[in-house]
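Please look over the sequence and the model, then read the points below.

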Amino acid sequence: MTSSSTPPSPTPSPAPSTPPAPAPSTPYRSRLQPGRDGFVRLLRAEWSKFWTVRSWLLVLVLAAAATVVISQLGASGSVNDSNGRVRIVSAPDGTRVDDTFRFVHRPLTGDGSVTVKVSGIEGREGRSPEPWAKAGVIVKSSTKPGSSYVALMVTPDHGVRMQWDFTHDEQGSSAGARWLRLTRSGQELTGYESPDGTKWTKIATVRPADLPKTTRAGLFVATPAHTTLRRSFGGTSATAGIATATADFGHVELRGDSARPSWTSTDVGAPDPDDPNLPESGPARPIPGSTQVTGDGAFTVTGQGDIAPDQTGGDTVQMSFQGVFVGVLFMVVLGALFITAEYRRGMIRTTFTASPRRGQVLAAKVLVIGGVTFAAGLVAAVVAFSLAQDTLRSNGFEPPAFPDLSMLEGAVPRAVVGSALLLSLVAVLALAVGALLRSSAGAITAVVVLVILPQILAFALPLPAAEWLLRLTPAAAFAIQQGVTYYPQVDHNCLPESGCYPMAPWNGLAVLGAYVAVALALAVWRLRRRDA
């Protein structure tokens, strides 16, 4: 008998246990903005770097000291003794002006007009007239030099112009020979021009500063002096000789209440011929004007001088900041070392490890170096101006030829703040170039070539080339120190060695700002694309 057994069934394995799901939790969110908080810490770190390196502090102090000392030394020159004998003429607004011309006039009370046809302007002895020689009609408060006026004129090279109170100029047509008319209505004067005396075109209506009820109205002729400029590598020389201009006037008509029917001729602003300071002969001795009546309502008038701002005085504002040129050298060194020192020692790797956002690192360095150099530059500029002004006054730069200037007067605030901005921007430019080149010597050399070398070359190059150099390079920023306003209606030789720059002050500083912006943009691009 055979028996059978059933094999035991396998024991099932226990099912694996599933860990319990974690309880939901709310992630932590800081109430502070991470980017802002991180940048503030980065800014503090960069400030600590600057403050703890004694050599950098020493360079900053030397920059401020050099700016002050060199500015005072630059103001130690003496003014020419002849300035004390020059008669100073001031406009109603206080501007130093030249108000010398031949005036054929009659009194005009109340409203009225003066009309004339100007046939042309000729120079002395057949020479070409000066570009800004003037002939036309004028209404003037009095024959006293510096008194308020409105004039309508033709010029050889600048067409028809309407000018008033010395500093204001309005352009008419470009034609030469013209009919001109000035009309007074109350305190306003309106200028008109015409090609034929029939159809009149209005130029402008203006209100001069001081116009009494009774004025002087009539004809005038003036011409600035002829200047010859010789410029070479060794220096610049300029010679000026008195010029005269002659104009023919026809169809002269004065309408209005005139107490005197006859015309009077006056050399306004002419020096006393018996003045012992005048030369007995030669091109520097003034030539009296002349008036010839050539017909009914026709005159030939010869005169000299000018009715315009006087651009011959020295710029005592710019003379007070000559030390900034030397201070720039120290700021270049400081700005370059602030970043290249980290590359030289390998510390830049630590900086970028702690702060991976390299653009923020550069921004923090810019704020620190820009802030400290601006603060130091501002203090230096204030002290330099105050001391230099005292030195200039003690050396003969005194009123009335050179008025006293306060810290908050005229162009002084702009020159003081602008000088500090100039020093600060140069330091930032050196920082950006240092980030690009990663070499102290290379960055310093490059910025000096951009900022300082054009200044030196401008003293030797021909004037047109020098002017373009000071327009296209960061050296244009030194125009911020100019204290003299240069008017387009006055020809002047803008010489770099005299502190004159071809660009307006803020425009010149903007050129430096543009270089800084481009250099910073390239530096950010370079930092992000290349390992430390």
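Strands E2 and E18 pair in the antiparallel sense over three bridges. The model is predicted.

- E2 and E18 belong to an open sheet of three strands, in the order E1-E2-E18, with antiparallel pairing.
- Strand E1 (89-90) and E18 are the edge strands, each with a single partner strand, so one side of each has no neighbour in the sheet.

**Strand E4 and its partners**

- Strand E4 covers residues 134-140, and seven of its seven residues are buried, so the strand is largely enclosed by the rest of the structure.
- E4 pairs with strand E11 (residues 214-222) in the antiparallel sense, over seven bridges.
- E4 also pairs with strand E5 (residues 149-155), again in the antiparallel sense, over six bridges.
- Ile 138 shows both pairings: this residue stands opposite Gly 218 in E11 and opposite Ala 151 in E5.

**Salt bridges**

- The structure holds 14 salt bridges, and three of them are described here, namely those of Glu 46 with Lys 365, Arg 96 with Asp 310 and Asp 99 with Lys 140.
- Side chains of opposite charge can pair when their charged atoms come close.
- The side chains of Glu 46 and Lys 365 meet at 2.8 Å, N to O, in a salt bridge. This pair links distant parts of the chain, with Glu 46 in helix H1 (residues 34-52) and Lys 365 in helix H5 (residues 358-394), 319 residues apart. Both Glu 46 and Lys 365 are buried.
- Arg 96 and Asp 310 form a salt bridge through their side chains, at 3.1 Å, N to O. The pair links distant parts of the chain, 214 residues apart: Arg 96 is in strand E2 (residues 96-99), and Asp 310 is in the loop between strand E18 (307-309) and helix H3 (324-345). Arg 96 has a relative accessibility of 17% and therefore counts as buried, since the cut-off for buried is under 20%.
- Asp 99 and Lys 140 meet in a salt bridge between their side chains, at 2.8 Å, N to O. The pair links strand E2, which holds Asp 99, to strand E4, which holds Lys 140, and the two residues are 41 apart. Both Asp 99 and Lys 140 are buried.
- Salt bridges with shared partners join Glu 46, Lys 49, Glu 342 and Lys 365 into one network.

**Helix H2 and Ser 71**

- Ser 71 lies in helix H2 (residues 54-74).
- Ser 71 is buried, with a relative accessible area of 0%.
- Leaving aside neighbours within four places in sequence, Ser 71 is in contact with several residues, including Ala 66, Met 319, Phe 321, Val 324, Ala 384 and Ala 388.

- Gly 396 is found in the loop between H5 and helix H6 (412-437).
- With a relative accessibility of 28%, Gly 396 counts as partly exposed.
- Gly 396 and Ser 76 are 320 residues apart along the chain, and their C-alpha atoms are separated by 10.0 Å.

- Val 449, Leu 453, Ile 456 and Leu 457 make a nonpolar surface patch of about 310 Å².
- Helix H8 (residues 453-458) gives the largest share of this patch, three residues.
- Ile 456 lies in H8 and is partly exposed, with a relative accessible area of 48%.
- In helix H9 (residues 463-472), the buried residues are Leu 463, Ala 466 and Leu 470. They cover an arc of only 60 degrees around the axis, which puts them on the same side of H9.
- An α-helix has 3.6 residues a turn, so residues three or four places apart point the same way.
- Pro 464, Trp 468 and Leu 472 are exposed on the other side of H9.

How values were computed
Residues numbered from 1 in each chain as written. Predicted model: local features only at pLDDT ≥ 70, side-chain atom pairs only at ≥ 80, totals over all residues. Heavy atoms only, no water. Helix = DSSP H or I, 4+ residues; strand = E, 2+ residues; numbered from the N terminus. Buried < 20%, exposed > 50% of the residue type's maximum accessible area, 1.4 Å probe, protein only. Contact = heavy atoms within 4.5 Å. Pairing = 2+ DSSP bridges. Patch = residues over 30% accessible without salt bridge, like charges linked within 9 Å, V, L, I, M, F, W, Y side chains within 5 Å. Areas by Shrake-Rupley, 256 points an atom, 1.4 Å probe, with all protein chains shown as cover. Salt bridge = Lys/Arg side-chain N within 4 Å of Asp/Glu carboxyl O. Arc of directions from axis to C-beta.
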